[in-house]
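Let's walk through a protein structure together, one step at a time. Please keep the model open beside you as you read.

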Amino acid sequence: MKAGIIGLQSVGKTTIFSVLSRGKSPSGPAGGRRLEPNVGVVRVPDPRLDYLATIFKPEKTTFATVEFVDVPALARGRGQDLVLAPLRTVDVLIHVVRVFADESVPHPAGSVNPERDKRDLDFELILADIGSIEKRMERLEKDLKKNKRPRR
């Protein structure tokens, strides 16, 4: 399974990523300006599989894995294509919303409001979907113009 971690700036996405991936953050420290997502693969422990492996003694035991993708922060009005591209291949989105106030980590909007932040992120995702649809429609129109002659 592949899970994408999304959220606005300074909500704790990379912190959650570090916890879920057991501290495996190859792309750099939290809070940095980065374009590439952090990716961490975690093996899912399953005592049932361990038990079956002791009974049947296979040559190899393959555990299920979860791949976490921590994308850079989404920001209102900024081009999101580079940020959202890695999310097109994930199975699930983990939407992180900030509900804590901390003077050492100022909120980009000036105040903590989880409902507003969730709405803003949803809006950015909707705009990205509309952009994808528009690009696809343009490609289809070009393809239709190329095949102008009716088929026999």
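We begin with the overall layout, then visit the sheet, and finish with the core.

What you see is a predicted model, in which local features need pLDDT of at least 70, side-chain atom pairs count only at pLDDT 80 or more, and totals for chains, interfaces and linings use all residues. Residues are numbered from 1 along each chain as its sequence is written, and side-chain values use heavy atoms, with hydrogens and water left out.

The protein has 4 helices and 4 strands; these are DSSP runs numbered from the N terminus, with helices being H or I of at least four residues and strands being E of at least two. Of the 152 residues, 27% count as buried, where buried means under 20% relative accessible area, exposed means over 50%, and partly exposed lies in between (1.4 Å probe, protein chains only).

Now look at the sheet. Strands of a sheet pair through backbone hydrogen bonds, either parallel or antiparallel. Here, 4 strands form an open sheet in the order S2-S3-S1-S4, and the pairing is mixed. At the edges are strand S2 (38-43) and strand S4 (92-95), each of which pairs on one side only. For two strands to count as paired, DSSP must find at least two bridges between them.

S1 pairs with S4 in the parallel sense over 4 bridges, and Gly4 stands opposite Leu93 in S4. With S3, S1 also pairs in the parallel sense over 4 bridges; there, Lys2 has Glu67 as its bridge partner. Is S1 mostly covered or mostly open? S1 is mostly covered, with 4 of its 5 residues buried.

In soluble globular proteins, nonpolar side chains tend to be buried together. A nonpolar core is a set of buried Ala, Val, Leu, Ile, Met, Phe, Trp, Tyr and Cys residues joined through side-chain atoms within 4.5 Å. The largest one in this model has 20 residues, and those with the most contacts inside it include Ile6, Phe68 and Leu84. S1, strand S3 (65-70), helix H3 (81-84) and helix H4 (114-146) each supply at least two residues of this core. Which residues does Leu84 touch, leaving aside its neighbours within four places in sequence? Leu84 is in contact (heavy atoms within 4.5 Å) with Leu74, Leu125 and Ala128.
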